[in-house]
Amino acid sequence: MLTHVFQRVLRSYSPNYSSLAPDSPSASGEAGASSSKVAVSMSGLSRNRRSPWAVRGELSRRTVLTLALIGFVVPLIAWNFLALSGWVDPVFLPSPLDVLRRCCDWFLDEDLLGDIGISTMRVFGGFVASAVLALPIAVLIGNYAPIRALLEPLTDFSRYLPAVAFIPLIMLWVGIDEDAKISVIFLGTFFQMVLMLAEDIARVPHAQIEAAQTMGATGEELIKHVLLPAARPAMLDTLRITMGWAWTYLVVAELVAANSGLGFAILKAQRFLQTDKIFTGILLIGLVGLLTDQGFRWLSRLCFPWKKF
Amino acid sequence: MTIKINICNLDKHFGSGLRATHALQDVNLAIESGEFVTLVGASGCGKSTLLRTIGGLEEYATGDIYCNGEMVDGPGPDRAMVFQSYSLYPWLTVIDNIKFCRRLNHHRNDTTSHDVEVAMGRAEALIALMGLGHVAHAYPSELSGGMQQRVAIARALMAKPDVLLMDEPFGALDAQTREVMHDLIRHVHRLEKTTIVFVTHDVEEAIYLGQRVVVMAPRPGRIDSIIDIPFGQEREQELKLDPAFTAVKRQILNRIRETSGIKTDLEQLKKLTAINQM
């Protein structure tokens, strides 16, 4: 069961592995995509076989899984070994066991679920606010050349404005409530989101638009019946990616007078040099981020059954 | 026979100043209603440009194009277009792709449920005509190139266009599939009696399909000659091996080679290889 989940997660990250899964037929017939047919000559040896180390080499599914597992387990063991060996000060490098212990303490004594909950709400709040505003603007920028010419340069420039530096301004303008934290996350994601979503719409194949035009579609009908449906998978993927960035802004957001949350816990732990808690916090943010990422991928598969993922 | 499309003194440039290319020079062409006309020529001869201009997708400043007596100014459902690839909507099944034009206000002229029935019936009829019955509920990504093009043609025909404009629709298909598609489009033409303007670079295809072949030449893009095809409406694949067919093919190929500089290229090549053999 666990290997199946592991395999699934792996597959969602690497398109190369998709053909190695049992339930996805290599219908496209791309060169090198199928490793299931290995030619065997009379002598039992196979010829023209690409070694795993050749460029675009091939691996069996089992080897891939084994290596991926090793890729996680070996660093973990090395970390454990390094921490327990005493070469490094435990303050600099807490052992995996310390991290696990701290995580359990956090869960049992300090409302870990509450922290995860409020942090998730903040990230989602900023993300949703960003998406709600970004989608219509992106549709306008993506479709209408005059609006694109007007808004794109400014939006492009705004991408480089550091969200962290806005914190004192946010405290002045918005205050120090939840709104302030959500604003930070909003600032960190909005501009990238608008531009990437606009790009998704601009990338709809020309032939699809022209086909509808030669069927008599008006501008509005083009947007509603062709551009939006065509761009939807790419837009959902953009949302998945920008959600990832939203998570990285969590700690920054919780700099603004927070008294709960994963980022706040990390910041507090910094003050007391509780590196094991810092490690735990970082890993937990990463884990929840991974879960939301997988959630988006699952949503993509659900919404777009016609798309080969 | 009424004239469906009338092109008078069409002239078109791409770009401006030093880098301007003369895409179409003084094109005059009259296409009759129900006619199957093929445009053939080497790259850069303007055949696709001409087709797209008729379709309303390329602007033109000099000359006139009339379709059904009306000036062509923008794309419209009277001139449906079939593209070479990537024009099907991947999020819709085959039958939904074909019925796509029903989503547009222009086609929602239903006043009774009988109209709806007729429309649905037409979709089913087109599916049967194009041999798509067994994939009606599949997605385009699950179909081969040939099947996809059948869907594209059915979709274009759904709205009963006056003219079907086809821009190298079989260019991305393998030779065997292309043969099947040739007979299929001829069959469709016989039944639907739509006016078809078909662009291709394949001379054999142009002759086999067309009632008239318009040979075009590049630099500047222009009509070189128009050849009437004498083979009648009933044609079979065997015709492609007929001496009369080959004669027409030779004639057209010569014109293309002469006007597009391929002849000089071939002569150059002969000279080079002759020198190497000495």
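Modeller: In chain A, helix H7 (residues 178-202) and helix H9 (residues 219-248) have axes that come within 9 Å and cross at roughly 155°. Axes are lines fitted to C-alpha atoms, for helices over the stretch in contact, with angles from 0 to 180 degrees between N-to-C directions. Helices (H or I, at least four residues) and strands (E, at least two) are DSSP runs, numbered from the N terminus. H7(A) is therefore roughly antiparallel to H9(A), a term for angles over 145 degrees.

Colleague: Which residues of H7(A) and H9(A) make the contact?

Modeller: Among them are A:Gly188, A:Met193 and A:Asp200 of H7(A), and A:Leu227, A:Thr238 and A:Trp245 of H9(A). Two residues are in contact if their C-beta atoms, placed from the backbone, lie within 7 Å.

Colleague: How is the model made and numbered?

Modeller: This is a predicted model, in which local features need pLDDT of at least 70, side-chain atom pairs count only at pLDDT 80 or more, and totals for chains, interfaces and linings use all residues. Residues are numbered from 1 along each chain as its sequence is written, while chains are lettered from A and ligands numbered from 1 in the order in which they are written.

Colleague: Turning to chain B, how many helices and strands are there?

Modeller: Chain B has eight helices and ten strands.

Colleague: And what are the spans of chain B?

Modeller: The C-alpha trace of chain B spans about 75 × 40 × 40 Å along its principal axes. Of the contacts in chain B with a separation of 6 or more, 70% join residues 24 or more positions apart.

Terms used
Parallel < 35°, antiparallel > 145°, perpendicular 65-115°, else oblique.
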